[in-house]
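User: Can you walk me through this model by question and answer? I'd like the cut-offs spelled out as we go.

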Amino acid sequence: MLVILSFILLFHVISAILLFISTINNAWWVASAPGGNVIYTDLWYSCNVTCLPVTNSASTDAGNLTTSTYHEGFYLQAVQATMILSTILCCVGFFVFILQLFGLKQGERFVFTAVIQLLAGLCVMIGVSIYTAEREGFTEEALRKGGYGSSYVLAWISFPMTVISGLMYLVLRKRK
């Protein structure tokens, strides 16, 4: 039981680290600029030598959105919100796991933690799926010939890890 518990704990911590890195790092989209420089774009900024806010992101003035650009801004803000929510849920799930480990009797343990982890996985899936489907709507024309970056890949990797972690908590609640 101790080995399984430590494995699940390690799995949960790795999921949280991947979510933090994928949400914070500036490599969701990587493109080459006309001068040969590489531009890294995340959910908030496009960075080369200096960083500029992504068009229609939460870091730009939302009051200046026109009807045609409103939907692109909405999609990007939905990705931002779901990725932040998934990271928060994963961290909350970790603390709930620690509290449930010592506070509840066997059979009742880890159900709430499992639900929180599965919700975190759902948020990751929704956020990355929206980014995949609507990326061209909030990527500037000059940057559209790039490719998905490491943060995007880490977000997709954290999705199954978070879901598997939630399922392992459900299995663990029945173990002695």
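User: Leaving aside neighbours within four places in sequence, which residues is Thr87 in contact with?

Analyst: This is a predicted model, where local features need pLDDT of at least 70, side-chain atom pairs count only at pLDDT 80 or more, and totals for chains, interfaces and linings use all residues. Numbering starts from 1 along each chain as its sequence is written, and side-chain values use heavy atoms, with hydrogens and water left out. Contact means heavy atoms within 4.5 Å. On that basis, Thr87 touches Leu19, Phe20 and Thr23.

User: Is Thr87 buried or exposed?

Analyst: Thr87 sits in helix α2, residues 67–103 (helices are DSSP runs of H or I, at least four residues, and strands are E runs of at least two, numbered from the N terminus). Buried means under 20% relative accessible area, exposed over 50%, and partly exposed in between, with a 1.4 Å probe and protein chains only. Thr87 comes out at 7%, so call it buried.

User: How are α1 and α4 oriented relative to each other?

Analyst: The axes of α1 (residues 2–24) and α4 (residues 150–172) come within 8 Å and cross at roughly 150 degrees. Those axes are lines fitted to C-alpha atoms, for helices over the stretch in contact, with angles from 0 to 180 degrees between N-to-C directions. Over 145 degrees counts as roughly antiparallel, under 35 as roughly parallel, 65 to 115 as roughly perpendicular and the rest as oblique. So α1 and α4 are roughly antiparallel.

User: How many nonpolar residues are there in the contact of α1 with α4?

Analyst: Residues meeting here include Phe7 and Phe11 in α1 and Met161 and Met168 in α4. Nonpolar covers Ala, Val, Leu, Ile, Met, Phe, Trp, Tyr, Cys and Pro; Asp, Glu, Lys and Arg are charged, and the others, Gly among them, polar. In the contact of α1 with α4, no residues are charged, seven are polar, and the nonpolar ones number 17.

User: What separates the C-alpha atoms of Ile130 and Tyr75?

Analyst: Ile130 lies in helix α3, residues 111–134, and is partly exposed at 21%. Ile130 is in contact with Tyr75, along with Ala78, Val79 and Arg135. Ile130 and Tyr75 are 55 residues apart along the chain, yet their C-alpha atoms are separated by 6.8 Å.
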